[in-house]
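Work through the exercises below with the sequence and the 3D structure at hand. Try each task before you read its solution.

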Amino acid sequence: MALTTKGRATRQRIIEGAAAYLRADEPAGVTLDDIRAITGTSKSQIFHYFPDGKEELFLAVARHEADRVLDDQQPHLGALTSWPAWERWRDSVVARYRAQGRHCPLGALMAQVGSTPGAREVTSALLNQWQAHIRKGICDMQAAGLIRAGLDADRVAAAFIAGIQGGVLVLMSTGSVTHLEAAVDTLVDHLRG
């Protein structure tokens, strides 16, 4: 659908409003009327920008939130070429989730649209992109002779994703970033050999 500048802004306002609502304490059972009320849009506007309704809107929100996960880690995630760069990235990851606290917007959203066609693809794409960035950083460091050549970059990158996500799950349960910090720090130490 070709949109005007105003149309793109309205569509984005709806996506961002829905994302903010889903970051709230009790996002379960969110309706289009809830989204309409918090975004100041009409039902016809919602259906104009999201003709398939709630599922289409929530998939757009999932893509928005997935992009935020990676964007919040830049420029560090895209420049893992030195030990100080890895430390800056580690700090940005911990800071993001510390600020987010117990509320994982992507997790809350996926709980609502997890069975919707396309939802798993959004999550898979996010995790694959994230892992690819980390793998590239490991390979760049291996090429520079800063990480041992025999280390399986893809496997360790997968461990970073699992460690971060596990740490986030504990954070959501306890409110503490301790496990997240421990996972990332342990994996960075593993890279240092």
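This is a predicted model: local features need pLDDT of at least 70, side-chain atom pairs count only at pLDDT 80 or more; totals for chains, interfaces and linings use all residues.

Residues are numbered from 1 along each chain as its sequence is written, and side-chain values use heavy atoms, with hydrogens and water left out.

**Exercise 1.** Find which residues are buried in helix 9, and state where they lie around the axis.

Solution. Begin with helix 9 itself, which covers residues 178–192; helices here are DSSP runs (H or I, at least four residues), numbered from the N terminus. Next, take buried as under 20% relative accessible area and exposed as over 50%, with a 1.4 Å probe and protein chains only. By this cut-off Leu-180, Ala-183, Val-184, Leu-187, Val-188 and Leu-191 in helix 9 are buried. They lie on the same side of helix 9, because they cover an arc of only 125 degrees around the axis, taken from the directions from the helix axis to the C-beta atoms. Finally, the face turned away from the buried side carries the exposed residues Thr-186 and Asp-189.

**Exercise 2.** Describe how helix 8 and helix 9 pack.

Solution. First, note that their axes, which are lines fitted to C-alpha atoms over the stretch in contact, are 7 Å apart and form an angle of about 165 degrees, on a scale from 0 to 180 degrees between N-to-C directions. Helix 8 is therefore roughly antiparallel to helix 9, a term for angles over 145 degrees. Then list contacts (heavy atoms within 4.5 Å): among the residues that meet are Gly-163 and Gly-167 in helix 8, and Ala-183 and Leu-187 in helix 9.

Definitions and conventions:
Helices (H or I, at least four residues) and strands (E, at least two) are DSSP runs, numbered from the N terminus. The expected span of a helix is 1.5 Å times one less than its number of residues. Angles under 35 degrees count as roughly parallel, over 145 as roughly antiparallel, 65 to 115 as roughly perpendicular and the rest as oblique.
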